[in-house]
Structure formats: C-alpha cells, structure tokens
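User: I am new to this structure and would like to learn how to read its pockets and helices. Please show me the model first.

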Amino acid sequence: MPHPNDPKLRSFIPVDPASDFPIQNLPYGVFSTKDGLAPRVGVAIGDYVLDLWQLVQDCRIDVVEPAVFAAAMLNPFMALGPTVWSRTRARISELLRADHSELRDNPKLRQRALVPMADVKLHMPIAVAGYTDFYSSKEHATNVGVMFRGKDNALQPNWLHMPIGYNGRASTVVVSGTKVRRPRGQLKPPGAELPSFGPCKRLDFELEIGVVIGQPSAMGEMLPERQAEEMIFGFVILNDWSARDIQQWEYVPLGPFQAKAFATSISPWIVTREALEPFRRHGPEQDPPPLPYLRQAQPNNYDMKLDVGLRAAQMNEAQTICRTNFKYMYWSSVQQLVHHASSGCAMNVGDLLGSGTISGPEKHQRGSLLEISWNGTESVELPRGIKRTFLEDGDSLVMRGWCQGDGFRVGFGEVEGTIMPAE
Ligand code: CA
C-alpha cells in the first residue's frame, strides 16, 4: 500500500492544486450539518468533508472504539495514540484513492459519507485542556524588546537558553468565525498619572501556530525529544488576540494576564504531524547551544508559508499585511514541549501550545500590528485611503498557512475573526 504522504497519490474526488485539502493532507475537524445529527468528526478532502462516523457504522474503519468519531471533539480519538492515528489516516487515504473502488464505486455510501464543505458548520475541534503560549521567534522578541527596552537590552538574558512562555486561558479559545468583542481593561497611557478602566484602544493580533497535544505525560516525568514528538497529534493556525495598552500596564512583574485572556482563535482543521513530515526542516542555528535536555537530534521545524490579511468593514476583500514562514522559529514545538514538562509539569490530551508570534527577518514578515506599525508610529495603508496602526471595530483578520508540495499543498484553511465594539 502506498504511504499516505506519497506525492503521486490522487483521489477520485477532484482537488484543485490550490486547495489546502488534497489526499496528502487529510486534516481532522468537528462538523455538523442541517440533518439534525450532532457534531461529529470529519476529514477535509477537496471541497468535501468525509464523515468518519458514517464510515465506522458501515464497518469501513476499524478504530477499536467507533464512538470516538461520534464525539463533538477529537480528544477521545487523540487519546487512542499515535499507532491508531497513523493506521486510521492510512485507511482513510486508501478509501479516498482514485485507484481504490470501495468507496468510489459505492454511490449510496458516498452519498452518506461525503458532505459538501459548503453545507457544514465547523466547530471547535478539541476540548482545550490547558493553553500555554510561548515566545519563540527571535525576530519577534527582538522587535518587541527594541521597542520597549532599546537595542542594547532587546533580548532578556534568559531568552537564548530556554523557550519562554506563560500559562494562558483555555476557557476563551474559540474556533475561526467566532466574533471577538473588544476587551476592556485598565489603561494607563504615557503621561497619565493614574489608570482608568475602559475599552482597549490598541487591539492587535499575533500570528502563531498551535500544537495540539494528543497524549498525556505523568506528573514528575521528563520528556526525551522522541517521546515529546510522538505526543504531538497535529497543528492549527492560532491568532493570539492581544490588547497592547492593557498589556503594557499589567505585564510587570508576572507577564501577560487580561491582555491575552479575552480570546484566542484557532483554525477548525487540525493538520496532523504525519502530514507535515515531508516539510520538516532544521531551524536556525542555536547559539549558545541549549542545555543537554533541550538538544535536538532531528529537524523539528517546518517549511510552512503563512500570511495574514486585514479587511476593514468598507473593503470587499482582505489585503495581505504579512507574509512569513514557520521555519524561522528559534525554538521548535518539540523543544517547547520538552521544556514545559521538564519541571515535572503533567501534560494532558487536548493541551494547546501556542508557538509565539511568528515574525521573520524581513519587514513584510512581521506577525503582529505592534511590529508592523512599530508601536503605532507607522500606519498600514489599505485601499480607499484606509489606514491602520491597530485594529478597529468591524475589522476582520484572516490568517492562512500551508506547506507547498509538488503539485499540491498541505494547508489549514483559514482562521478568521471580526472585531465587535466593546459593550
Ligand atoms: Ca502570543
């Protein structure tokens, strides 16, 4: 049987070369339709969603516990572990292949199991157990450091020695398409003697990739590189919405709190680690070399293109304001996970790790408005004379990401969010 990542594979379902969902991808999500059935697990293929619950009921997929596909979240399936993930993906690939007749020549089953993407509602794909956000792009950390502390103290002394992070809120992680209300908070603009309470005036996004943890680790246990990697089920695009003015007043001494707690958006499709395997790359050289527990024997970065579009309410389509790549990250997702567990912190099925804002070395590769507008001093020019330094009510932010294969791309779809006025 050919490997599901084989670039020569084709599905009997036509897939445009520009689609994010060829047979080489097969990302998992949770969807519902108007037929009254509860949200359940599906896989994206071209312009369709493959209904896995229909397939297990027809005894086409063997997963030990078929009910995992009737769940409104992927957590029960993820808990079955990497051998089952891999076997299931191989079987789905086989069922969708152009040269495999089982589903292709069964019109009744196709009718039940293949739902046009246009007819589905996509839901949160996981129950988020815990959400941790890292700060692992050297370019982003340097840009922010230069703005707030000056060029000579841009990177804090600890930054080159470990992946810096903080524990965020799992309760407000939402799926793409969820509207985001402008947060309120304590603000103390420069020059003000005392803080006041009100709507954020410097609302921002952060372009990130989220790692979805599919296997637990025990409290007290350290993770070797290989084990950490095998705990990763897949990846989502993540927008870590940020209130810069709230952040600036609150972040000393314990780091971000309310500035990041009001919303975090993720893409509805989880692209599996296995599907990204052909796109692995070495990250930037780490100098000084990390401590032994953080050293990597294999490449753990990915060559993944990312872009961000901004659409003001008066605009018809989004204008691209950032184009960058996940490969620039200084600390890899595997290193983040190894470090996270290193104290003895237990990891759970459904944990979500944000990579940190992904900025690259060039100006057009900056992954937040804080950097793009250089702390509000340079505005972004949009069509119709519209200018932005930070997000305004009615603005819509769209992030996309994909890995380019030979004649196909393995992508995430998009994560979109529109800003609503504060209450
Ligand atoms: Ca962040």
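User: Which elements each supply at least two residues of the lining of the largest pocket?

Analyst: A pocket is an open set of points on a 1 Å grid over the protein atoms alone, where a 1.4 Å probe fits, with protein on both sides within 12 Å along at least five of seven lines; lining residues have an atom within 4 Å of a point. Here the elements are β6, α6 (138-149), β7 and α8 (244-250), and α6 gives the most, six residues. Helices (H or I, at least four residues) and strands (E, at least two) are DSSP runs, numbered from the N terminus. This is a predicted model: local features need pLDDT of at least 70, side-chain atom pairs count only at pLDDT 80 or more, and totals for chains, interfaces and linings use all residues. Residues are numbered from 1 along each chain as its sequence is written, and side-chain values use heavy atoms, without hydrogens and water.

User: Which residues line the second largest pocket nearest its centre?

Analyst: Of its 15 lining residues, Pro82, Trp85, Ser86, Arg273 and Glu274 lie nearest the centre. Two or more lining residues come from each of α3 (82-96), α7 and α10 (273-276), with α3 giving the largest share, four residues.

User: Is helix α11 buried or exposed?

Analyst: Buried means under 20% relative accessible area, exposed over 50%, partly exposed in between (1.4 Å probe, protein chains only). In α11 (residues 333-341), nine of the nine residues are buried, so the helix is largely enclosed by the rest of the structure. Among them are Ser333, Leu337 and Ala341.
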